[in-house]
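Here are a few exercises to work through with the structure open beside you. Try each task before you read its solution.

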Amino acid sequence: MAISLATLLGVHSLHLSNAGLAETTWHEDINWVAVTELEDPQRFLSGGELVLTTGMRLRSAPEQRRFVRQVQRAGAVGIGFGTGLTHDAVPPALIAEANRWGLPIVQVPYETPFIAIGKLVAEAQAADHVAKLERLIAGHQVLARALLTGGGLAQLLKHLGGMLRTEIALTQFTAHLYNSSSELLSADTWSSYPIPTGRRDACTLWVRQPFEDSGIIGYAQNLISVELNNMVKQRQAQRALCGQVLEDVIHGALETSEAQRRLAGVGLNSTRKNVVLLAVSAAHHKALVSTSVPQPLENAVAAVVGKDLVVVINDDGGAAPALARRLSDHLAEAGIHATIGIGGGYTKPNGLRWSYFEARDAASHGLPVNEPERLSLTSLLLASEDVPLADMAHESLNPLRAFDAAHGAELVTTLESYLNNNGSVAAVAEALTLHRNTVRYRLAQITELTGYDPSVTADRVQLWLSLAVSRLGARHP
């Protein structure tokens with residue numbers, strides 16, 4: 001059965017508690033669990049969700065009240081507020097606003113991961129689907145057993161072929177979802193049966209002649225249709241959930257430890273090297289985000305980010321080009337014209353972000369499959385408004401700019417000259433017409449003000465990046 005807020009609170013292992021007074025939607029079914037740290041998630045909600053947040057961006061009372069109003073207007077059934085990370089308790093302003101609008105608030109303690117709540121709701125919905133499916137196929141136990149005992153679509157079709165004593169195939173456009181024969185499909189020797197799915201996916205069941213139909217094919221058509229739709233919905237739901245996590249990581253909305261935990265929750269090990277494959281299709285983006293992937297990528301983590309399909313694979317980059325070509329061919333066979341961009345192989349959440357931007361930059365080249373190139377700072381800055389490099393540059397250079405403005409110094413100019421002259425004090429002194437001791441004194445001031453020592457390689461890279469980002473930012477406001 002579908003699950004409600006009242007039912008969730010009764011699950012003792014979750015340790016949830018009611019933080020507000022509203023019970024308007026207390027017994028309504030939860031359609032889905034949406035995890036977000038956005039200040040205004042309204043446009044990403046469709047109604048009936050339980051919205052989970054840690055309030056990472058909800059620092060002030062006005063922000064908290066506004067968040068409640070946006071969630072309530074979107075038609076959510078309630079808010080689950082995670083405590084112990086950003087907030088020790090559910091903020092009073094958020095509770096008061098939720099009470100005012102009749103929106104239930106549930107407190108989620110730190111030890112309860114959001115994924116546990118989402119999984120419980122998903123399992124409840126899956127249970128509903130199974131119950132309906134069992135009633136539908138009560139008279140067709142052989143096919144039903146093949147589907148419900150874990151065999152899936154392939155096992156169902158195998159049993160169907162055995163019952164008809166012939167070969168069976170299932171195609172979507174020109175892609176073979178299943179084929180028990182190596183023979184080419186032909187209208188002369190194969191009978192075709194369209195599978196109604198409510199989508200323009202040209203899915204067809206093929207049965208090799210001769211065979212004797214006792215009426216089972218008609219039922220099999222409906223059963224295959226239900227399972228295909230179920231698979232699509234499961235893919236969409238899973239990819240939407242993974243997409244929420246990836247978007248937060250890509251936008252830099254999470255601390256490293258929290259990002260690693262959230263990524264692990266959707267099956268991504270960020271301690272290993274990961275490569276992003278990004279599929280972009282302006283003409284077929286709706287079909288793209290719900291379509292299947294080729295067999296070598298079935299165990300990879302797939303997500304929807306914006307209108308694009310993101311597939312993350314554990315790889316150092318060596319196998320990525322071949323897998324990208326397989327994905328491109330698979331989509332082409334399904335009638336989806338897409339451009340594939342490949343990112344580099346990196347560890348850690350920030351590495352995943354970098355791989356994503358590399359893949360998006362590569363996809364912009366427009367070939368069917370685009371391998372990564374060295375990602376320029378210009379490309380990275382123009383790729384997303386949420387990339388934090390500009391913040392990094394301001395944080396590093398603002399102390400120098402403030403000192404220069406207050407004292408008429410030229411610390412930023414001295415730093416630029418020092419970096420451009422490969423750390424040569426003599427070259428800086430000559431270029432700026434200064435004594436070498438003056439240059440050394442200014443470099444010491446730079447170290448004191450910024451905390452970065454230009455003579456240390458790692459710090460020099462940080463300062464060089466900050467200057468480069470500032471110049472690019474002035475060019476691309």
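**Exercise 1. Contacts along the chain**

Take contacts in the protein chain between residues at least 6 apart in sequence, and find what percentage join residues at least 24 apart.

Solution. Keep in mind that you are working with a predicted model. Of the contacts between residues at least 6 apart, 65% join residues at least 24 apart. For context, the protein chain holds 16 helices and 14 strands. Of its 477 residues, 47% count as buried. The accessible surface comes to about 23,300 Å², and carbon and sulfur atoms account for 51% of it.

**Exercise 2. The largest nonpolar core**

How many residues does the largest nonpolar core have, and which have the most contacts inside it?

Solution. Start with the count: this core has 22 residues. Next come the residues with the most contacts inside it, which are L246, V310 and Y356. Now look for the elements that give two or more residues to the core: α6 (216-250), α7 (256-265), β10 (274-280), β11 (301-305), β12 (308-314) and α10 (348-363). Helix α6 supplies the largest share, 5 residues. Then zoom in on Y356: leaving aside neighbours within four places in sequence, Y356 is in contact with I250, V276, L278, V305 and V310. There is also a second, separate core of 21 residues, with L147, L160, L170 and I217 among them. As background, nonpolar side chains tend to be buried together in soluble globular proteins.

**Exercise 3. One proline**

Decide whether P321 is buried or exposed, and find its contacts beyond the neighbours within four places in sequence.

Solution. First locate P321, which is in helix α9 (residues 320-333). Its relative accessible area is 15%. Buried means under 20%, so P321 is buried. Setting aside neighbours within four places in sequence, P321 is in contact with I342 and E371. Finally, compare sequence with space: P321 and N370 are 49 residues apart in sequence, and their C-alpha atoms are 8.4 Å apart.

**Exercise 4. Cavities**

How many cavities of 30 Å³ or more are there, and which residues line the largest cavity?

Solution. The count comes to 3 cavities of 30 Å³ or more. The largest cavity has a volume of about 100 Å³. Its lining is made up of T54, G82, T83, L85, V108, P109, Y110, T112, P113, F114, E258 and R261. Sorting these lining residues by type gives 6 nonpolar, 4 polar and 2 charged.

Terms used. Residues are numbered from 1 along each chain as its sequence is written. This is a predicted model: local features need pLDDT of at least 70, side-chain atom pairs count only at pLDDT 80 or more; totals for chains, interfaces and linings use all residues. Side-chain values use heavy atoms; hydrogens and water are left out. Helices (H or I, at least four residues) and strands (E, at least two) are DSSP runs, numbered from the N terminus. Buried means under 20% relative accessible area, exposed over 50%, partly exposed in between (1.4 Å probe, protein chains only). Contact means heavy atoms within 4.5 Å. Accessible areas come from the Shrake-Rupley method with a 1.4 Å probe; for residues, only the protein chains shown count as cover. A nonpolar core is a set of buried Ala, Val, Leu, Ile, Met, Phe, Trp, Tyr and Cys residues joined through side-chain atoms within 4.5 Å. On a 1 Å grid over the protein atoms alone, a cavity is a set of points where a 1.4 Å probe fits but cannot get out, and a pocket is an open set with protein on both sides within 12 Å along at least five of seven lines; lining residues have an atom within 4 Å of a point. Grid points are joined across faces, edges and corners, and a volume is the space filled by probe spheres set on the points. Ala, Val, Leu, Ile, Met, Phe, Trp, Tyr, Cys and Pro count as nonpolar, Asp, Glu, Lys and Arg as charged, and the others, Gly among them, as polar.
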